[in-house]
Amino acid sequence: MLRKVYGVDLGTSSVKIYSLSKDKKYREKNMVAIRNKRQIVAVGNEAYEMYEKTPVNIHVDCPIQNGKIANISTMEVGLYLMLKRIESYTPFGSLIYFSIPVDATAVEKRAYYTVANGRMLQNNKVMMVESPLADALALDIPLKPSKGSMLVNIGAQKTELSVIASGRVIISRSIPMGGMQMDEKIIGEVRKNYDLNIGNRTAHRLKAAMGRLNTQSKEVRKVVGIDSISGLPREEVISSSTVNEGISACADVIGAEIKSFLERTPPQIAYQIAQEGIYLAGGTARIPFIESYLGNCTGCSFRLSELFEMSTIEGLKKVIQNKELQYWASPIKQRKL
């Protein structure tokens, strides 16, 4: 009763936290600014504002890579400061529910326990919920009587394909393709067509402002970058066709992988998926017309979640609030030596 309860979704782009006592969801950029590899300068949205603007002695780092913890100590500090902003620290510890990728190894799962029980965060009980199951709960997909449902979560650095049947993930696959790869493709297209080098943040803004996976949209935006030839700053007007060329190149890869994934799915489940449609979630699913574009690539219908990147944390919220749904959560324990 003295423990505080949190749901935590550690994404590559952002950290989503649900607090039971506040009954509120929070979202912060998953960035940590470090000076001289030792001193923490800023975390979350404050660190993101410093991204691509820092001097040589300050490095802005993302402790999650491809949906998995890459830097345990940095992630611990970032999570501790984010939780401290929500409410004061209690010496009795907390109960933390993490969303875990299906393909996470035993070592990668223990990294979540280490993050929640290190130097700053201590005495915490750690539970894990597989990400596709959390998404399914958020989308009100019945798990136990389910004959077969497919979920596609397009995140910042990876796309997770999962088929759920009889209350468990029967087949899953992760593709290293997401919003950041789309940003890189946009940077390449702008360099190729305009001889202009732009940063990741500029590419992300272009994607958010003009990204449309249909040929009817024609827009332009003015950006500032570095001239590839002279090396001097230059202003240029970028067309939406250039931006969409980069986005569609990544969407084609995702569509081809979904089609290949469906071919590996058992026929009776594939038939059920075709009847029901494929559920689409994740932050990158915000790109307009992406569901119809993927539908044309795969020949299947898609059901777009309005929760987008908040889908997984909404599923964790339901697990925390409903005792019956805690069946889908399992503890992560420290390895005994």
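**Exercise 1.** How much space lies in the largest pocket?

*Solution.* The structure is a predicted model, in which local features need pLDDT of at least 70, side-chain atom pairs count only at pLDDT 80 or more, and totals for chains, interfaces and linings use all residues. Residues are numbered from 1 along each chain as its sequence is written, and side-chain values use heavy atoms, with hydrogens and water left out.

Step 1. A pocket is an open set of points on a 1 Å grid over the protein atoms alone, where a 1.4 Å probe fits, with protein on both sides within 12 Å along at least five of seven lines. The largest pocket holds about 1200 Å³ of space, a volume being the space filled by probe spheres set on the points.

Step 2. Its lining (residues with an atom within 4 Å of a point) comprises 50 residues, and Ser13, Ser14, Gly155, Ala156 and Thr284 are the closest to the centre.

**Exercise 2.** Determine how helices α5 and α6 pack.

*Solution.* Step 1. Helices are DSSP runs (H or I) of at least four residues. Helix α5 covers residues 179-194 and helix α6 covers residues 200-210; they pack at about 100°, with axes 9 Å apart. Therefore α5 is roughly perpendicular to α6 (angles of 65 to 115 degrees).

Step 2. Contact means heavy atoms within 4.5 Å. On the α5 side, Gly179, Met182, Asp183, Glu184, Ile186 and Ile187 take part, meeting Asn200, Ala203, His204, Leu206 and Lys207 of α6.

**Exercise 3.** Identify the helix that gives the most to the lining of the second largest pocket.

*Solution.* Step 1. This pocket has a volume of about 200 Å³. Its lining includes Arg212, Ser240 and Tyr293.

Step 2. Helix α7 (residues 240-264) gives the most, with five residues.

Terms used: Axes are lines fitted to C-alpha atoms, for helices over the stretch in contact, and angles run from 0 to 180 degrees between N-to-C directions. Helices (H or I, at least four residues) and strands (E, at least two) are DSSP runs, numbered from the N terminus. Angles under 35 degrees count as roughly parallel, over 145 as roughly antiparallel, 65 to 115 as roughly perpendicular and the rest as oblique.
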